[in-house]
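Biologist: Could you take me through one part of this model slowly? I'd like a close look at whatever surrounds the ligand, and then at a helix beside it.

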Amino acid sequence: MKDTTKIADATYVDDVSGLKLDTSKQYTMDEIYFYEAQNITQATLKYLSLTPDKKLAPFSLAWFLVLHQEMFGDVWEWAGKLRQVELSIGVKAYMVSTQMQKLVDDLAYWEEHKSFDVIETASRIHHRAVQIHPFLNGNGRWSRMLANIYLKQNGLQPTKWNEDLLSKTNLHRDDYIKALKKADSGDYSDLIAMQSHTL
Ligand SMILES: Nc1ncnc2c1ncn2[C@@H]1O[C@H](COP(=O)(O)OP(=O)(O)O)[C@@H](O)[C@H]1O
Ligand SMILES: [Mg+2]
């Protein structure tokens, strides 16, 4: 991914429900993003500094939630909790837990039958996880982290996503969303190409 200029987002966050920071203060989108990034760094260190074994990262439903909690739990009350409201992206709220379990089961099947290579498996995990959109927010960063942990666990380098550039102001975001939409129709080629951009 090429470098691009990020436009500062000084908009104040209006929905502070569940925010664990001092809610008597007003925070801009950029400030919240910064606190989230600090939180996510802890998870990155835990899972990506060494090869994460199956005990540390079992790719189970329970661990999917733990990972989201580890990434966002310092900042948001709802971290690690499946959403119970409908969003514009994602499956119906009542389908979230069954779809998450289905992803866990499909992954076990893919591994058992060697259905795809490691990078395609990581792309499929990423795509399916974000398609479900199990949490109120942070689904993109969490699903890319899942894919990166999978890559690392299986001997490949994590993908360099330029996380701070994947915000709404990033020009390359359009290509990324296009790649996800293409994957919706079963063609993973663009997502795999992006996923191959390593650190
Ligand atoms: N049409 C779309 N518009 C925006 N994001 C989309 C779309 N389709 C899928 N996504 C995914 O949803 C993510 C945004 O969801 P969100 O829960 O806000 O995650 P985060 O807060 O980590 O960015 C994007 O990073 C992308 O992976
Ligand atoms: Mg978001």
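**Around ligand 1**

Modeller: Sorted by class, the shell around ligand 1 holds 5 nonpolar, 4 polar and 1 charged residues (Ala, Val, Leu, Ile, Met, Phe, Trp, Tyr, Cys and Pro count as nonpolar, Asp, Glu, Lys and Arg as charged, and the others, Gly among them, as polar). Keep in mind that this is a predicted model: local features need pLDDT of at least 70, side-chain atom pairs count only at pLDDT 80 or more, and totals for chains, interfaces and linings use all residues. Residues are numbered from 1 along each chain as its sequence is written, while chains are lettered from A and ligands numbered from 1 in the order in which they are written.

So who's in that shell? Ligand 1 has 10 residues around it, and the closest are Val 130, Gly 138, Asn 139, Gly 140 and Arg 141 (a residue is near if its C-beta atom, placed from the backbone, lies within 6 Å of the molecule). H5 and H6 are the elements giving two or more residues, and H5 has the largest share, with 3 (helices are DSSP runs of H or I, at least four residues, numbered from the N terminus).

Val 130 is also one of the buried residues of H4. That helix is mostly covered, with 11 of its 15 residues buried (20 or more other C-beta atoms within 10 Å of the residue's own, all placed from the backbone). Those buried residues pack against H3, H5, H6 and helix H7 (189–195).

Notes. A residue is buried if 20 or more other C-beta atoms lie within 10 Å of its own, exposed if 12 or fewer, and partly exposed in between; C-beta atoms are placed from the backbone. Two residues are in contact if their C-beta atoms, placed from the backbone, lie within 7 Å.
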